[in-house]
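Here is a short briefing for a first look. Keep the sequence and the 3D view at hand while you read.

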Amino acid sequence: MDEKENIKERNEICSRTLKTGSRTYFFDARETRAGDYYLTITESKKNFSESGEVTYKKHKIYLYKEDFSKFQSILDDMIRFIINEKGREVISERHQKDFKNHTTYNQEIKESQKKTSEVKDFTNINFEDI
C-alpha cells in the first residue's frame with residue numbers, strides 16, 4: 001500500500017449520508033495526523049447548467065471534538081426555536097406549482113384578500129366630505 005492510500009484509509013473512519021431532494025449531506029468521521037477524530041459535514045447540491053450539464057456545489061464544515069458540546073447545544077437551541085416559532089410544516093412547499101388546498105395557505109389568501117378589499121374601501125372615501 002502506498003503512502004496516499006494509507007493516508008486516505010486512516011483519514012476515513014466512518015461515513016453516513018442523508019439525501020434530501022436536490023441536496024445530499026455527508027457526515028464523515030476522519031482522523032487527524034495525531035490519531036484523534038473530527039467530523040466533516042458536507043452539503044452537496046445538484047445544479048443544472050443551461051446546457052443541461054449537472055454540477056455539484058459543495059460546502060464543508062470541519063468540526064473538532066473541543067467544539068462538539070457547544071455546537072450541539074446551539075444547534076439544538078436553534079432547531080427548537082425554529083420549530084416553536086414556525087412549526088414543522090415546510091412553508092416553502094406552498095411555492096411549488098402543484099401546492100393546493102392547504103388550510104394555512106388558504107387562510108393567508110383570505111386574509112390578504114380581506115386587506116385588499118379594506119384598502120379598496122378606504123380609497124372610495126371622498127376626503128372633501130371629511
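**Pocket, aromatic rings and strands**

The lining of the largest pocket counts 8 nonpolar residues, 1 polar residue and no charged ones. This is a predicted model. The points below take the pocket, then the aromatic rings, then the strand pairing.

**The largest pocket**

- The volume of the largest pocket is about 190 Å³.
- H2 gives the most to the lining of the largest pocket, with 4 residues.
- The lining residues are Phe 27, Leu 39, Ile 41, Ile 61, Leu 63, Phe 68, Phe 71, Gln 72 and Leu 75.
- Gln 72, a lining residue, counts as polar.

**The aromatic rings**

- A pair of aromatic rings is described by the distance of the centres and the angle of the planes.
- Searching the whole structure gives 2 aromatic pairs.
- One of them joins Tyr 38 and Tyr 62, with 6.4 Å from centre to centre and 35 degrees between the planes; this pair is tilted.
- Tyr 38 sits in strand E3 and Tyr 62 in strand E4, so the pair ties together parts that are 24 residues apart in sequence.
- Is each of these two rings buried or exposed? Tyr 38 is buried, at a relative accessible area of 12%. Tyr 62 is partly exposed, at 47%.
- The ring centres of Tyr 38 and Tyr 64 are 5.1 Å apart and the planes stand at 25 degrees, so this pair is stacked. The cut-off for stacked is under 30 degrees.
- The pair of Tyr 38 in strand E3 and Tyr 64 in strand E4 links distant parts of the chain, 26 residues apart.
- Tyr 64 is partly exposed, with a relative accessible area of 32%.
- Together, Tyr 38, Tyr 62 and Tyr 64 make up one aromatic cluster.

**The strand pairing**

- Strand E1 (residues 12-20) pairs with strand E2 (residues 23-31) in the antiparallel sense, over 8 bridges.
- Across this pairing, Arg 16 stands opposite Phe 27 in E2. Phe 27 also belongs to the lining of the largest pocket.
- The hairpin of E1 and E2 has 2 residues between the strands, and Gly 21 takes a positive phi near 65 degrees there.
- E2 and E3 run antiparallel and are joined by 9 bridges.
- Phe 26 has Thr 42 in E3 as its bridge partner.
- The hairpin of E2 and E3 has 5 residues between the strands, and in it Gly 35 takes a positive phi near 95 degrees.

How values were computed. Residues numbered from 1 in each chain as written. Predicted model: local features only at pLDDT ≥ 70, side-chain atom pairs only at ≥ 80, totals over all residues. Heavy atoms only, no water. 1 Å grid on protein atoms, 1.4 Å probe; cavity = no way out; pocket = protein on both sides within 12 Å on 5 of 7 lines; lining within 4 Å. Points joined across faces, edges and corners; volume = space filled by probe spheres on them. Phe/Tyr/Trp six-rings, centres within 6.5 Å; stacked < 30°, edge-to-face > 60°. Buried < 20%, exposed > 50% of the residue type's maximum accessible area, 1.4 Å probe, protein only. Pairing = 2+ DSSP bridges.
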